[in-house]
Amino acid sequence: MISNLFKYVTKHVDSFLMGCLVMTLVVGFAVLYSASGQDMDRIFSQSVNLIVALAFMWIAANIPPQHLERIALPLYALGLLLLVGVALFGELSHGARRWLHLGVAKIQPSELMKIAVPMMLAWYFSKREESLRFPDYLIAALLLAIPVVLIVKQPDLGTALLIAASGFYVLFLAGLSWKLLVGGGVLAGASLPIFWSMLHDYQRKRIEILFDPYQDPLGAGYHTIQATIALGSGGIGGKGWLRGTQSQLDFLPERTTDFIFAVFGEEFGLVGNLLLLTLFTLIIARGLVIASQAQNTFSRLLAGSVTLTFFTYVFVNMGMVSGILPVVGVPLPLISYGGTSLVTLLLGFGILMSIQTHKKLVTT
Amino acid sequence: MRSRSELKNYQHEQHYFRIRLAVAALIVLVCFGILAARLFFLQTVMYEHYQTMAENNRISVVPIVPNRGLILDRNGVVMAHNFFVYTLELTPGKVDDVDATIDEIGKLVEVSALDRKRFKKLQAQSHSFESIPLRTHLSEVEAARFAVNRYRFPGVEIKSRLFRHYPENSLGSHFIGYIGRINDRDLEALEKSGDLSNYKGSDHIGKSGVEQYYERSLHGVTGSQQVEIDADGHAVRVLSSTAPIAGDNIILTIDSKLQRIAEDAFGDRRGALVAINPSNGEVLAYVSKPTFDPNLFVDGIDTESWKALNESIDRPLINRPIRGIYPPGSTFKPFVALAGLNAGKREPPYSIPDPGYYTLPGSTHRYRDWKPGGHGRVDMRKAIAVSCDTFFYGLAVDLGIDKLAAYLGHFGFGKKTGIDIHGEVDGLLPTPEWKARRWKQKWYPGETVIVGIGQGYTLVTPLQLAQATAMLANNGIAMRPHVVSAIQETTTGVSKPIPTTVMDKVAIKPEHLDIVKQAMHDVTLPGGTAASVSAGSPYAIAAKTGTAQVIGIKQNEKYNEKNVDERHRDHALFIAFAPLDDPKIALAVIVENGGHGGSAAGPIARKVMDYYLLGKEPEPPPPPKTTDKETPPQQAPEEEPLND
């Protein structure tokens, strides 16, 4: 009876992926406990977030990919509608419009788009795979650009970046020609000055200060300086759990969210960092394996995009904390405090599991 | 066939896809490689460097709040100062169970229900990492008792804070004003003006009066201190500091002794008095009765005191000299007289026979003089001395409302005087144009008639009346009225005087001025309406009495009927300047529901002038009158609650 139930629950859960996720989440809770100053309330509320996120993951894992394929378009349309809603009626907080009040609940439609955009593009390419031509890439690029522009306008550069990346990965995996890629790269390089002129002052400042954080040691550069000091002073072995002076003495800002990696790096040192990096690599590797074994275009593209987007999360966050990328508001996946990103992430992994575990049902 | 091609296609595609995946995987590895290299660099090669920086990093920057400037009267008497008190402060973010902790603290030092309530209110407005006062004014014993037990209360600290205190209590509370805790609106204003960073660490800000108007000078410049902190976050050593610059002292034009004499002269009666030095605009006394104790507001006023003040029928919070508006009544007549003379009308020896009433041409309606039967033959001088209504009814009609209003406007009626206290109101100098705009009605000739005696729509503030009187005394030159004479730098002791500025000049022919001044002197001589006021005076006084009908009874109907009747009585007004030949003081007095100007308001003015001109102090005040517990000025605006 109990073993039947267990079977039912784990039927669509990929054990290798799940194992890696659980290990990372355990690390995450340990760091959060330290970073929050041993705040059990924080741990409790993150636990609630995790339970919700796991539920989403399990549900996604149990939905066969062909059903996902069917809801791709409506989901994308709904997301777009909500984004327009945010632009018009969104709640303004800290100078940005990201949240939408829907009577009972407050939602952040840009989070929904993190899943909906790769799904939509994967769906589009799977529909067009018989007769894929150059204009299809243009249409796909447009499908990607609309939500990204809306999110940049909110402004939420971090999320826009991640969504743009997720869409780009679909295009890339769908076979966007190398010529176009290189050409696009050159074009992007050339348009950098235009992009620069479009940025908000604070965003420009962040990039300038990336190159010289000591320009503004008490202002915008403060985050970067404090984070590198935390990491560097961790050394090889780290200062030990709950013993990071930078983290415990309030020097490190946003240390339970975007900068939690600095706390981890200070307390667990290079050894801990490399182990964490290995864990992330394993998760990504598993995702890529799932993508390569997927049996139709939609599943392939979606699985590849979800995995590579996860990689982008990790790289951008660790890059900004260690001072090689500008500070954009991207949390460290599975570790940073916060419910929304956790739900989206585990939903993505649920989709990966669904693609992996429904395989046999598709083939005949 | 078809299935074969599909299969082939599928295999081809999967192959192609896998190449792309491999490229992606390679990119992932490269990126993670770069990350690993960067971390390796930071954590091994640069380890020593960052290790030292982390050690040195235990430094935090703490703002040092500057001492707020003092407020001194013109003779150096302290009206507002600061003193240190021990406060018990709690940082909610560092305390597990706030309520239990407060209960526990309550066993050591007294924490009243009121303290608790105030704390909760502040807690709701603050961030959890901010330190919030729970108890203020701890005694030495209490502070010591808590200090011994401090280890039991992480997140609770004794701090020594600078408190504002008004040693003269309610004296002059309306112009000195008070400070209160900075609220959201203040923060917004500070952010807009770019002063927010200078208020880091400051809790209080001027909310009214001089405290508000001269906030920038009084506050000073916030300093900062770099402190090394230990692992618990406590300061161990000061590394460097930038000293704060204390706020400037404000030196008033007001003489606190004169102010006290003026306030005492009112007794329990409500009203206002403004005395001005006509030659430079210095405000010598500024009375609004009843007063209130500004000390109540410093710490955040409690609900009961606030209710008592705000809902009192006497409206103590209204700043009457600048916000109370009253019909000027007969005190308007000297100015109407000048308007007439300036237009070439009613110049002596012109006179009229006064039958005791006035009728408009073509009408039978009689506008009555206050004296039944009239004053007999009346010329300009007599008209002012006996306050003949009939004479001024005719003059106003003869001049016409537009000309009259235009001329009176030069005396500052209907507009703000520009005094250095915020919240002044305009008053009202009615014109047909105003009435059309405000009421969409045409102007009736009868309305011009009563403007001539300061009734009808006309409304003035006590300050406007005093300012107009000062202008008259100063031969038509208006000096900007001000309550602050100088701003003194605390560090150097150098005083920067507030410049006296000429605001306006009305061209008045000396002979016209002479007529009106002499007539106003006649007011205080036997036969005049305020003869008793000058009895025994060694200096010559020019004055005018006034009685303003209380209108707008409707507003009062919510009050007790009995009260309404009593508060129905006329307001007593009185303007004066002295000495006649070389005026040193000009003033306006209003006693609400006081009856006749000469008898109710005149003696108050006399006491003020006697002290100012002769240094003579009045006899001990008579036993307080008890019959006069009555209404607010009918037109007085509702005062906004000024506390948080």
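Visitor: What order do the five strands of the open sheet in chain B take?
Guide: In this predicted model, the order is β12-β11-β23-β22-β21, with antiparallel pairing. Strands here are DSSP runs of E with at least two residues, helices are runs of H or I with at least four, and both are numbered from the N terminus. Two strands pair if DSSP finds at least two bridges between them.

Visitor: Which strands stand at the edges?
Guide: β12 (283-289) and β21 (542-548) of chain B do. Each has a single partner strand, so one side of each is left without a neighbour in the sheet.

Visitor: And the twist, how many degrees from one strand to the next?
Guide: It averages 5°. For angles, axes are lines fitted to C-alpha atoms (for helices, over the stretch in contact), and values run from 0 to 180 degrees between N-to-C directions.

Visitor: Which helix packs on that sheet?
Guide: Helix α20 (residues 462-473) of chain B, which touches β11, β22 (571-578) and β23 (585-591) of chain B. The direction of α20 makes about 150° with that of β23(B). Contact means that two residues have C-beta atoms, placed from the backbone, within 7 Å.

Visitor: Back to β12(B). How many bridges does it share with β11(B)?
Guide: Six, in the antiparallel sense, with β11 of chain B covering residues 271-276. Ala275(B) stands opposite Ala285(B) in β12(B). The hairpin of the two strands has six residues between them, and Gly281(B) takes a positive phi near 80° there.

Visitor: Is β12(B) mostly covered or mostly open?
Guide: Mostly covered, with seven of its seven residues buried. A residue is buried if 20 or more other C-beta atoms lie within 10 Å of its own, exposed if 12 or fewer, and partly exposed in between, with C-beta atoms placed from the backbone.

Visitor: What about helix α16 in chain B, how many residues are buried?
Guide: Ten of its eleven, over residues 389-399. Among them are Phe391(B), Phe392(B), Tyr393(B) and Leu395(B). Just after α16(B), Gly400(B) takes a positive phi of about 85°.

Visitor: Which residue other than glycine has a positive phi in chain A?
Guide: Gln38(A) is one, with phi near 55°. Its place is the loop between α2 (15-35) and α3 (40-62) of chain A. Gln38(A) counts as exposed because it has 11 C-beta neighbours inside 10 Å. In chain B, Asn169(B) also has a positive phi, near 55°, in the loop between β5 (156-165) and α6 (173-176). With 14 C-beta neighbours inside 10 Å, Asn169(B) counts as partly exposed.

Visitor: Switching to helix packing: at what angle do α5 and α14 of chain A pack?
Guide: About 15°, with their axes 10 Å apart; α5 spans residues 109-128 and α14 spans residues 339-357. The two are therefore roughly parallel. For that label, angles under 35 degrees count as roughly parallel, over 145 as roughly antiparallel, 65 to 115 as roughly perpendicular and the rest as oblique.

Visitor: Which residues meet there?
Guide: From α5(A), Glu111(A), Lys114(A) and Ile115(A); from α14(A), Thr340(A), Thr344(A), Leu347(A) and Gly348(A). By class, that contact has two nonpolar, three polar and two charged residues. Ala, Val, Leu, Ile, Met, Phe, Trp, Tyr, Cys and Pro count as nonpolar, Asp, Glu, Lys and Arg as charged, and the others, Gly among them, as polar.

Visitor: How many residues does each chain give to the contact between A and B?
Guide: Chain A gives 35 and chain B gives 30. On the side of chain A that touches chain B, α12(A) gives the most, with ten residues. That side divides into 18 nonpolar, 15 polar and two charged residues.

Key:
Residues numbered from 1 in each chain as written. Chains lettered and ligands numbered in written order. Predicted model: local features only at pLDDT ≥ 70, side-chain atom pairs only at ≥ 80, totals over all residues.
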